[in-house]
Amino acid sequence: MAILRPLTKPKIIRKRTKKFIWHQSDYVKIKQNWRKPRGIDNRVHKRFKGQILMPSKGYGGNKKTKHMLPSGFEKFLVHRVKELEVLLMCNKSYYDEIAHNISSKNHKAIVERAAQLAIRVTNPNARLCSEENE
């Protein structure tokens, strides 16, 4: 099968790739998931220079490239074989991603049908039994 190229591949610009971390999560034993500081004297809340940055509207990405993969395609989550028919005309702009809770039998059927329709699958080797590989 020939390599699929995207219909259009705009330059993807990410304003920030690092995660926003919870203030003092590197110092105290707390998770790193972002929480907004609400204390009136908190230096992150007050946005002092040199402190952890807070997420804001300005970090948002371009709408056209927001969920785009580096290859220029976007993901489309598939749960059953019938849903591949939707991608029939859009295989130049979408990749097929099989949902994580699909059985190995259905997973194999989806991968086979995607190959017939020339649709690229991002996770074709998931749920393969070790006996089949030997």
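Helices (H or I, at least four residues) and strands (E, at least two) are DSSP runs, numbered from the N terminus. The model shown in these views is predicted, so local features need pLDDT of at least 70 and side-chain atom pairs count only at pLDDT 80 or more, while totals for chains, interfaces and linings use all residues. Residues are numbered from 1 along each chain as its sequence is written, and side-chain values use heavy atoms, with hydrogens and water left out.

**View 1. Gln-24 and its positive phi.** Gln-24 belongs to the segment before E1, and its phi is near 70°, a positive value in a residue other than glycine. Most residues other than glycine have a negative phi. With a relative accessibility of 35%, Gln-24 counts as partly exposed, where buried means under 20% relative accessible area, exposed means over 50%, and partly exposed lies in between (1.4 Å probe, protein chains only).

**View 2. Arg-47 and its positive phi.** Arg-47 is likewise found in the segment before E1, and its phi is near 60°, again a positive value in a residue other than glycine. Its relative accessible area is 61%, so Arg-47 is exposed.

**View 3. The aromatic pair of Phe-20 and Tyr-59.** Rings of Phe, Tyr and Trp (its six-membered ring) pair if their centres lie within 6.5 Å, and planes under 30 degrees apart count as stacked, over 60 as edge-to-face and the rest as tilted. By this rule the count comes to two aromatic pairs. In the pair shown here, the ring centres of Phe-20 and Tyr-59 are 5.1 Å apart and the planes stand at 70°, so the pair is edge-to-face. Phe-20 and Tyr-59 both lie in the segment before strand E1 (74–78), so the pair ties together parts that are 39 residues apart in sequence. Phe-20 is buried, with a relative accessible area of 17%, whereas Tyr-59 is partly exposed at 29%.

**View 4. The aromatic pair of Phe-73 and Tyr-95.** The ring centres of Phe-73 and Tyr-95 are 4.2 Å apart and the planes meet at 15°, so this pair is stacked. Because Phe-73 lies in the segment before E1 and Tyr-95 in strand E2 (residues 94–98), the pair ties together parts that are 22 residues apart in sequence. Both Phe-73 and Tyr-95 are buried.

**View 5. Arginine charges over rings.** A charge sits over a ring if NZ of Lys or CZ of Arg is within 6 Å of the ring centre and within 35 degrees of the ring normal. Arg-16 lies over the face of Phe-20, at 4.2 Å from the ring centre, and the charged end of Arg-35 sits over the ring of Trp-22, 5.4 Å from its centre.
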